[in-house]
Amino acid sequence: MLAIFNAQARSRRNWAVALALLLVYIVWGTTYFAIGIAVQTMPPLLMNAIRFLCAGGVMLLIALWQGHALPTARQWRNAAVVGGCMVFLAMNLMGFAQKLGIGSGLMATVVTTMPMWLALWSRWGGERVPFTSWMGLALGVAGALLLALEGDFSATWIGALLAFAAPLCWSVGSYASRKLSLPAPAMASAAQWLTGGAMGLVVALWFEPLSALGQVSARSWAAWVYLLVFGTLVALNAYLWLLQNTPSALAGSYSFVNPAVALVVGVALGGELLTGWVFAALPLIAGALGLILYGPALQLWWAARGARIGSAMGRGVMRSGQSSSRAG
C-alpha cells in the first residue's frame, strides 16, 4: 500500500514539474515579443520597476490572505539579496546593455550562459551536477547560438560587459534563492519583488521622468499587463518553485528554450521568416532537453546494459572452458 502512495506522490510531482517547465518555457518565450511592444512608448527602467512593485504588492496580499506572517528582518535581508540580483541588477543590466549598443544576436546568446553559471555555483556549493547535464547545457547554448546567428552581433565594450554581467547576476540570485533562509513561497516572492522593484524605481527616477508614463500607448500598457500577470506572477513564480524542487540545470534550461519559442511567436505574430539555421538549432535544443531530463536515467540504463553484457560474456567464457575441459 505504501508503494502505491509513493508512486502517486511521484506522479503528482512529475506533473507539477512538467507544468512549471511548460509555463516558464512558453510564457517567458512570449515575453520577448511583449517587451518589444511595451518599450515602444514606455521607459524600460520604469516599466520593470513598476511591474515588480505591482507584482510584489499582489503577492503580498495573497500571502497575507493565506495566513503567512511577514518576513523577519533576516528574511527581508535575504529577499533583498535575491531581488537585488535578479529583479534589479539582471533586468536593468540587460536594458542598459541594449541602450549602449549591444546587438540582439549577442544578447540572446549571452543569456543562454545563465544555467551554466547556476550549475557551477551548485557544484561549488556541494551539489552533484551529472555529466549529462553539463553536456545538455553545452548543447543548448550551441542551439541558441545558431538561433541567434540571424541577429545583430555588434557591441560596444561596455555594452558587452553589462550583457555578460546580467546572466551572471541572475544566476547568483537564483542560487541564493536555493540556499538562503526565506519565508513561505508566496511571501518570499513578494519580498523579493518589492525590494528589487524599489531598488529599480530609485534608479529609474534618476534617468527617466515619471511624466513619461502619461505618454504610454494603450498597446504598450496591454503588453505591460501581460508581462505583469503572465511573465511575473505566473512564470516567475513557476521558475522560483523549480529552483527549490528540481536540479539547477533543469530549472535553468528555459534560457535556451525561450529563444526557440520567441522565434515561433515572431513568425506567427510578427511576420518573421524562418531560415536554415532554425532547422539546425531546434534538434540541438531538443537533444539538450533530453540529456538534462533523462541523462541520469540513460547513464543508469547504459551501465546496467554493460553489466548484463559483461555477465553474459563471462558465462559464455565459463561454458567454453567447461566444454574444453570435458573434451580434454
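1. Leu 100, Trp 157, Ile 158 and Leu 161 together form a nonpolar patch on the surface, with about 440 Å² of accessible area. Patches are built from residues with over 30% relative accessible area and no salt bridge, with like charges joined within 9 Å and nonpolar side chains (Val, Leu, Ile, Met, Phe, Trp, Tyr) within 5 Å. A salt bridge here is a side-chain nitrogen of Lys or Arg within 4 Å of a carboxyl oxygen of Asp or Glu. Accessible areas come from the Shrake-Rupley method with a 1.4 Å probe, and for residues only the protein chains shown count as cover.

2. This is a predicted model, in which local features need pLDDT of at least 70 and side-chain atom pairs count only at pLDDT 80 or more, while totals for chains, interfaces and linings use all residues. Residues are numbered from 1 along each chain as its sequence is written, and side-chain values use heavy atoms, leaving out hydrogens and water.

3. The chain has 12 helices and zero strands. Helices (H or I, at least four residues) and strands (E, at least two) are DSSP runs, numbered from the N terminus. Along the sequence the pattern reads α-α-α-α-α-α-α-α-α-α-α-α.

4. Of the 328 residues in the chain, 45% are buried. Buried means under 20% relative accessible area, exposed over 50%, and partly exposed in between (1.4 Å probe, protein chains only). The chain exposes about 16,500 Å², and carbon and sulfur atoms supply 72% of that area. Among contacts with a separation of 6 or more, 91% join residues 24 or more positions apart; contact means heavy atoms within 4.5 Å.

5. Helix H7 covers residues 157–179 and includes Leu 161, a member of the patch in point 1. Leu 161 counts as exposed because its relative accessible area is 52%. Ala 165 also lies in H7, but Ala 165 is partly exposed, at 22%. Ala 165 and Leu 93 are 72 residues apart along the chain, while their C-alpha atoms are separated by 7.2 Å.

6. Helix H2 runs over residues 44–65, and its length can be checked: at 1.5 Å a residue, its 22 residues should span 32 Å, and the end C-alpha atoms are 32 Å apart, so the two agree. The expected span is 1.5 Å times one less than the number of residues. Buried residues of H2 include Leu 45, Leu 46, Asn 48, Arg 51, Phe 52 and Met 59. Just after H2, Gly 67 takes a positive phi of about 95 degrees.

7. Met 47 has a relative accessible area of 2%, so Met 47 is buried. Met 47 and Ser 220 are 173 residues apart in sequence, with 10.0 Å between their C-alpha atoms.

8. Ile 50 is also in H2 and is buried, with a relative accessible area of 16%. Leaving aside neighbours within four places in sequence, Ile 50 is in contact with Leu 213, Trp 221 and Trp 224. The C-alpha atoms of Ile 50 and Leu 228 are 9.2 Å apart, across 178 residues of sequence.

9. The largest nonpolar core has 71 residues, and those with the most contacts inside it are Trp 28, Trp 170, Trp 193, Leu 236, Tyr 239, Tyr 254 and Phe 256. The largest share of this core, 12 residues, comes from helix H9 (residues 218–245). A nonpolar core is a set of buried Ala, Val, Leu, Ile, Met, Phe, Trp, Tyr and Cys residues joined through side-chain atoms within 4.5 Å. With neighbours within four places in sequence left aside, the contacts of Tyr 254 include Trp 28, Trp 170 and Tyr 239.

10. Asn 237 is placed in H9. Beyond its neighbours within four places in sequence, Asn 237 is in contact with Met 59, Ser 189, Trp 193 and Thr 232. From Asn 237 to Leu 23 the C-alpha distance is 9.7 Å, although they are 214 residues apart in sequence.

11. Gln 75 belongs to helix H3 (residues 73–99). Is Gln 75 buried or exposed? Its relative accessibility is 15%, so Gln 75 counts as buried. Apart from neighbours within four places in sequence, Gln 75 is in contact with Ser 181, Leu 182 and Pro 183.
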